[in-house]
Amino acid sequence: MTELSTAATNDSIAAFEAASQSGAADYPGLDTWRSLPINQQPTWADPEVFAASVKELSILPPLVFAGEVDVLRERLAAAAQGKAFLLQGGDCAETFEAATADRISSRVKTILQMAVVLTYGASLPVIKMGRMAGQFAKPRSSNDETRDGVTLPAYRGDIVNGYDFTPESRAHDAGRMLRAYHTSASTLNLIRAFTTGGFADLRLVHQWNKGFTANPAHARYESLAKDIDRAITFMQSCGADFEALRRVEFFASHEALLLDYERALTRIDSRTGFPYDTSSHFLWIGERTRELDHAHIDFLSRVRNPIGVKLGPSTTGDDALRLIDKLDPNREPGRLTFITRMGAGKIRENLPPIVEKVTASGAQVLWVTDPMHGNTVTSKNGYKTRRFDDVMDEVRGFFEVHESLGTFPGGLHVEMTGDDVAECLGGADPIDEAAFEDRYESVCDPRLNHMQSLELAFLVAGSLAK
Ligand code: PEP
Ligand code: MN
């Protein structure tokens, strides 16, 4: 990667450092992360571009408001207490190119469709959250990628470099942070318009779901679909027509991986005097950057947003307790969500000791399952994929564990899209490996397609209703 680091002049290094320190108002501790070990960060090619980008980001308007972030914390607190369920879904990696009206709306539509089914199944409010409007930075297991004997830096998400396999595209370009900001802003704008402008009316969403059950492959979901239909017809016959049917709350989230960007969008809220990372409502820390004494945990411990942490199969109960002490020292319900991603074969064994330790400590976290990241395999024809049955098996394991321990399985975190892609294997209307050749579009991990996402929602709703 050294070939990408330009020979920076002393002046440009000074500009780099000045920009790094500016950003939002000075607030004690907000820059402590800079002196801590940090993983998975880019090596920006041009310090001057970096300095100018950070400077601009630090004065641009916030993407979300602190008041909305506080509302989300309350909603998540309800979920932590067993009174709501979180549905969080979207691409593994959003791209600038795919931020089109059609694709954004089909993803939002699919999440809303899943949410209706889950609301019925759980008889609880469902908190709707996209892995959207900011999911542009990706951790990678290797710094480089080699193709046909040529080695270039790995793709780290559109906020860092391009997917095209050329030296120019793979250079780490800090100017991309600005494009990520503006793409997030236009995505959020569309989401807000869709979800508050009548598009998301419950009765309309229910009509879309009829398309799913009309497919003969989904006949087994017909009785649940009929129950939902009866409930909605009953409501309509009673003349129910209130605001909550017409508008939905929809929150944004992404992995807070690129700390230069997150820090530059952090603002001090004038109402409370606390720092909020205004790049998104909810931010999570990935499995590869959750070391306790490292930069990511430190930075996120200092903002008021609700925070998630991914917990992989090597997590111990003590790790979880230490994360709670650092990220949720006041034991505030809604502040901390543990997103477990153990793998279908491990969840029933690995999750119980963690949940038991956390419960015994008196902390009240929200438990969410990510049934995707522990179940990635490579197909015979060389694609990164996941089997629908493994995904569903991990979800079932998650519910079983929480049921046996008397804790609440509070949410589902999935990589999904509203489009008819072929990236995950199986489902009732099955996707096979041959379909990958034509319809595999993800630039990172494989997503459930529209039908597979709805099928998952029907299956989960079926388990919740029991
Ligand atoms: C992701 O959510 O895309 C991801 C990389 O997850 P994890 O940190 O759990 O591996
Ligand atoms: Mn992923």
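These legends describe close-up views of a predicted model.

**View 1. The shell around ligand 1.** Ten positions are shown here by name: Cys92, Pro139, Glu255, Gly286, Glu287, Arg288, Lys310, Arg341, His373 and Asp445 are the residues around ligand 1. Sorted by class, the shell has 6 charged residues, 2 polar ones and 2 nonpolar ones. Gly286, Glu287 and Arg288 are included in this shell.

**View 2. The largest nonpolar core.** This core has 121 residues. Leu86, Leu87, Leu118, Leu300, Val365 and Ala457 touch the most other members. Helix 4 (residues 101-122) gives the core its largest share, 10 residues. In soluble globular proteins, nonpolar side chains tend to be buried together.

**View 3. Contacts of Leu86.** Leu86 is among the core residues that touch the most other members. Neighbours within four places in sequence are left aside here. The remaining contacts of Leu86 are Leu76, Ala79, Ile127, Met129, Leu366, Val368, Gly410 and Gly411.

**View 4. Helix 13 and its buried face.** Helix 13 covers residues 347-361. Its 15 residues should span 21 Å at 1.5 Å a residue, and the end C-alpha atoms are 21 Å apart, so the two values agree. Buried residues in this helix are Ile347, Asn350, Leu351, Ile354, Val355 and Val358. Viewed down the helix axis, the buried residues fall within an arc of 115°, and therefore line one face of helix 13. They pack against strand 9 (307-311), helix 12, strand 10, strand 11 (366-369) and helix 14 (388-405). Glu349 and Ala360 are exposed, on the face turned away from the buried side. Gly362 comes just after the helix, with a positive phi of about 90°.

**View 5. Asp318 and Val358.** Asp318 sits in helix 12 (residues 317-327). Val358 is one of the buried residues of helix 13. Asp318 is exposed, because 11 other C-beta atoms lie within 10 Å and the cut-off for exposed is 12 or fewer. In sequence, Asp318 and Val358 are 40 residues apart. From C-alpha to C-alpha, they are 8.6 Å apart in space.

**View 6. Two non-glycine residues with positive phi.** Most residues other than glycine have a negative phi. Ala133 has a positive phi of about 60°. Ala133 lies in the loop between strand 2 (126-130) and strand 3 (144-147). It counts as buried, because it has 31 C-beta neighbours inside 10 Å. Arg331 also has a positive phi, near 50°. Its place is the loop between helix 12 and strand 10 (336-340). Arg331 counts as partly exposed, with 14 C-beta neighbours inside 10 Å.

**View 7. Helix 8 and the glycine that follows.** Helix 8 runs over residues 222-237 and has 16 residues. From first C-alpha to last, helix 8 reaches 22 Å. That is close to the 22 Å expected at 1.5 Å a residue. Gly239 follows helix 8, and its phi is positive, near 80°.

**View 8. Ser35 and Gly362.** Ser35 is in the loop between helix 1 (10-21) and helix 2 (47-57). Ser35 counts as exposed, because it has 9 C-beta neighbours inside 10 Å. Along the chain, Ser35 and Gly362 are 327 residues apart. Their C-alpha atoms are separated by 33 Å.

Methods
Residues are numbered from 1 along each chain as its sequence is written. Chains are lettered from A and ligands numbered from 1 in the order in which they are written. This is a predicted model: local features need pLDDT of at least 70, side-chain atom pairs count only at pLDDT 80 or more; totals for chains, interfaces and linings use all residues. A residue is near a molecule or strand if its C-beta atom, placed from the backbone, lies within 6 Å of it. Ala, Val, Leu, Ile, Met, Phe, Trp, Tyr, Cys and Pro count as nonpolar, Asp, Glu, Lys and Arg as charged, and the others, Gly among them, as polar. Helices (H or I, at least four residues) and strands (E, at least two) are DSSP runs, numbered from the N terminus. A residue is buried if 20 or more other C-beta atoms lie within 10 Å of its own, exposed if 12 or fewer, and partly exposed in between; C-beta atoms are placed from the backbone. A nonpolar core is a set of buried Ala, Val, Leu, Ile, Met, Phe, Trp, Tyr and Cys residues joined through C-beta atoms within 7 Å. Two residues are in contact if their C-beta atoms, placed from the backbone, lie within 7 Å. The expected span of a helix is 1.5 Å times one less than its number of residues. The arc is that of the directions from the helix axis to the C-beta atoms.
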